[in-house]
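Subject: Structure handover

Dear colleague,

I am passing on the structure we discussed.

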Amino acid sequence: MDDRWIWWRLAWRNLWRNQRRTFITASALAFGYLASVTMIGLWNGLLTEMIETGTNLVTGQLQIHAPDYYPERSMYATLGGREGIDVDELVRLTRDTEGIVAASPRVYGGGLVSTGDETVAGLFIGVDPDREVEVTRLLQTPVEGRAPKAGEREILIGRGMADILDVGPGAEVVLVAAASDGSLGNDLYRVSGVFETGSAGLDRSFAILPIRSLQELMVMPENRIHEVAAAVEEPFAAPALGDSLAVAVAAHGLDYPVAPRPWTVFRAELAEYASLAGAVNGIVVGIIFIMAVFGVANTMLLGTFERRREFAVVRALGTEPRSVVLTVVYEGFILGVIALAAGVLISVPVLYWLHNYPPDLSNLFGDFTMSGSVVRPVLRAEYSLDGPIYAAVALLITSILSALYPAYRAVKILPADALADT
Amino acid sequence: MVLHIRGAPVIPGPVRTPGELWDSRRHRIPGRFRARGGLVIPLALLGCLFSPLAAHAQSAREIIDRVDQLMRGESSIARITMDIQTENWDRSLTLSAWSLGTEHSLIRVESPQKEAGTATLRADQEVWNYLPRVDRTLKLPSSMMAGSWMGSHFTNDDLVKESRLVDDYGIEIEFDGTRDGVDVWEFLLVPLPEAPVVWGKIRYQVSKEGLLPTWTRYYDESDELIRTMTFSENRMMGSRLVPTVMTIRPADKPEESTVVRYHELEFDVDLDEDYFSLRNLRSGR
């Protein structure tokens, strides 16, 4: 008979000698696994929510500019320089990039919004209303009125600005902006609606108008834009998508450079928070399994103590200490594999439930703000591959680690003493 | 009015409440050097000019105050051209300007045609702009005072500022001697605590002959040069010897400039406060 598997077989047999104890120990590990995986999933869910609310309001997750646009954000630093670009072509190319779901062109300007009596400084964002709704929530929910229509001299302003100016939908306001020819662009616009984001600074200073209207105000031709904003499927893929898009633009024969700017750059604090959260995940998973190590080691120690006479016998028959250690460690490892299988079995439905039917705690807590992003208190778990894998590795290491001390004790048994002690 | 904003949303300006403006003048020195009134146009445009009467040596403070007030008649009318050069465009504006005392001034664009009639009014503590295209007057928020005026390198604040240098700055002579064969004083102006000013310090060169300014250098709070204003082509205008050309250059873009040239300048003309009304701002006449 093949001897190679003898210690594995022994380990296996020993495991089932006290089934209840094995079951309980494996359960501890399995639930540790469940706890880790669920926690990582919920954290990822929270991060995703944070990133989404932090980026899909105004910025999008990926922006494309001319390389000299940042940090000055000069109105002259348009894509393609003075000659401008085929806007539709770049937007189409962006949207067709694998992993990008939507793209929208934009023009920015600074100026004044005035009723005559009251004047406030504003940041003007010129957008294509039809495409913008696919990228951000900016135009989606005016609290009054509606979003501006393409081709109309209409403007959507924030609650704070509307209050200062004391205007509502239908009111006429004067927009004044520095124009690209050095003159003072000014014209009358109709307030189409009022938005409210909850961010006071934004609601007081942002004003959104159809892209062509803003270009006219700033004396800019139609083919000069400052930005293409894009929404991506997987937020953490945004930096890589930006790079591949820049390559695609060059490969497509477009003769101007583009500089992608993912949210991890313009919302660096969110990205930092995400990586911090990753580290915290690791620590918490570590703590869960360190606690498990002691529990499992304790029961295995009991198991080896019960069998000390057997160990004494095999030692007396000439078994090497190494083989004794192996059999105990194998026992721990097999226990870990069983626990892992059980853990995966119970984790899958829990994660599925948390992902698809997340408990909504809004009634209890209301929205809260993290790193400048409004987050809904919804316990939604995000699937990820690395979380469960890390947890699985941690579990197996735990089961082996917890077998080491009992194995050491088993080797230390003196055959004569153990056998004499009846 | 214009903010020559390059992308940046809002340029925060010095916030001056009317009260501060008023208080800033509480240090007025009495006596013969005291201003008789008149902010002629862009006081800061003119920077400071000097009365030919007083030529003997005075304290730094007195010299600066005299230079600062050279152009102050009770009232004035001027015709000006402003040539603006930037890396992206060049343009030239013809302006008319009226002033009365330190409280009232009106500047109107005469050409180019597209912007003719655009006007800026300072009356009491408020600044208003008139935009003929939309036929509206708008009051300039204080946050916009640091914004560019009509795309030039002057700020709105430069154009309407009426407080005097001696009220806001401590002044000392930094250099007294010859530069390029010309006898000059160079002054260092450091803001007094709580003075409502934007500059960290100002350096000022005055030619001893004729007591006319030659240049002014403006620094920010970290002592970095922001812009230089040079004065040239001294001529008799309105019976005073004044520099008729002022050139402003931003330090970070030396190829850019705004040149202001006085073509006509008259002092003590017949104007009263009613002239500086919103109605007149709109009327274009």
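The notes below cover the interface and then the salt bridges.

Please keep in mind that this is a predicted model.

Interface. Chain A brings 29 residues into contact with 32 residues of chain B. About 2,500 Å² is buried between the two chains, and carbon and sulfur atoms give 60% of that area. Of the area that chain A buries against chain B, 21% comes from A:Tyr76, A:Leu184 and A:Asn186, more than from any other three residues. Nine residue pairs are in polar contact between chain A and chain B. The side of chain A that touches chain B takes two or more residues from each of strand 2 (100-114), strand 3 (119-127), strand 6 (172-178) and strand 7 (184-195) of chain A. That side divides into eleven nonpolar, eleven polar and seven charged residues. Three salt bridges cross the interface; one of them pairs A:Asp181 with B:Lys114, with the closest N and O atoms 3.4 Å apart.

Salt bridges over all chains. The count is 27. In chain A, A:Arg17 and A:Glu310 meet at 2.5 Å, N to O. A:Arg17 is in the loop between helix 1 (6-15) and helix 2 (19-55) and A:Glu310 is in helix 11 (residues 308-316), so this pair ties together parts 293 residues apart in sequence. A:Glu310 is partly exposed, at 36% relative accessible area.

In chain B, B:Asp176 and B:Lys208 form a salt bridge at 2.4 Å, N to O. B:Asp176 belongs to strand 7 (residues 169-179), and B:Lys208 to the loop between strand 9 (201-207) and strand 10 (212-219), 32 residues apart. B:Asp176 is partly exposed at 47%, as is B:Lys208 at 25%.

Regards

Note on methods: Residues numbered from 1 in each chain as written. Chains lettered and ligands numbered in written order. Predicted model: local features only at pLDDT ≥ 70, side-chain atom pairs only at ≥ 80, totals over all residues. Heavy atoms only, no water. Contact = heavy atoms within 4.5 Å. Buried area = accessible area lost by both parts, 1.4 Å probe. Salt bridge = Lys/Arg side-chain N within 4 Å of Asp/Glu carboxyl O. Polar contact = N/O pair within 3.5 Å; in protein donor to acceptor, adjacent residues only side chain to side chain. Helix = DSSP H or I, 4+ residues; strand = E, 2+ residues; numbered from the N terminus. Nonpolar A, V, L, I, M, F, W, Y, C, P; charged D, E, K, R; others polar. Buried < 20%, exposed > 50% of the residue type's maximum accessible area, 1.4 Å probe, protein only.
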